[in-house]
Amino acid sequence: MGLPEEVQTWVHKYYRYLWTHRKGSVVAGLLDDLPFALHSEISSACYKPLMKKTTLFRDTEDDFKRALSLKFNTYTYSPGQVLAKPGEINQNAYYIEHGVVQVLGDNHCDKVARLLPGSLIGEVWQRASRLF
């Protein structure tokens, strides 16, 4: 690309910082240019702890877990942020690693459930989910 040495060094330092401080937990986009086999191996290793914690994936084949790990992304949400609303089409599943998710009723005053770290939620919940 013809980038100056200074910019190349900056890019290398940035990615080294991300890898070191986030322990490889945020891989979305970072690995897109790697060969598929290497990308899937790294992604699988990064999300292996999640796969072990989640009972839904515990008894699945390693190849399935590897393929699924390529679809995972890590996100951080703010308190009060709505993850899903009733009637909304949502193709995501969420694993709660830190924090609490409150599932609210139709009038937003009814607290239907309080989901703690380790919970996996998605299409099963047809009510609004809000972080607290």
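**Basis.** I am working with a predicted model, in which local features need pLDDT of at least 70 and side-chain atom pairs count only at pLDDT 80 or more, while totals for chains, interfaces and linings use all residues. Residues are numbered from 1 along each chain as its sequence is written, and side-chain values use heavy atoms, with hydrogens and water left out.

**Confidence.** Where pLDDT is low, the predicted coordinates should not be read in detail.

**Helix 2 and helix 4.** I then looked up how helix 2 (residues 36–53) and helix 4 (residues 62–69) are placed, and found that their axes come within 8 Å and cross at roughly 105°; axes are lines fitted to C-alpha atoms, for helices over the stretch in contact, and angles run from 0 to 180 degrees between N-to-C directions. Helix 2 and helix 4 are therefore roughly perpendicular to each other, a class that spans 65 to 115 degrees, beside roughly parallel (under 35), roughly antiparallel (over 145) and oblique (the rest). On the helix 2 side the contact is made by S40, E41, S43, S44, Y47 and M51, and on the helix 4 side by K65, R66, L68 and S69.

**Buried side of helix 4.** I listed K65, L68 and S69 as buried in helix 4, where buried means under 20% relative accessible area, exposed over 50% and partly exposed in between (1.4 Å probe, protein chains only). They cover an arc of only 100° around the axis, which puts them on the same side of helix 4, the arc being that of the directions from the helix axis to the C-beta atoms. Their cover includes helix 2 and helix 3 (55–58).

**Two single residues.** I found N73 in the loop between helix 4 and strand 1 (82–84), partly exposed at a relative accessible area of 37%. L115, in strand 4 (residues 111–115), is buried at 10%.

Key. Helix = DSSP H or I, 4+ residues; strand = E, 2+ residues; numbered from the N terminus. Contact = heavy atoms within 4.5 Å.
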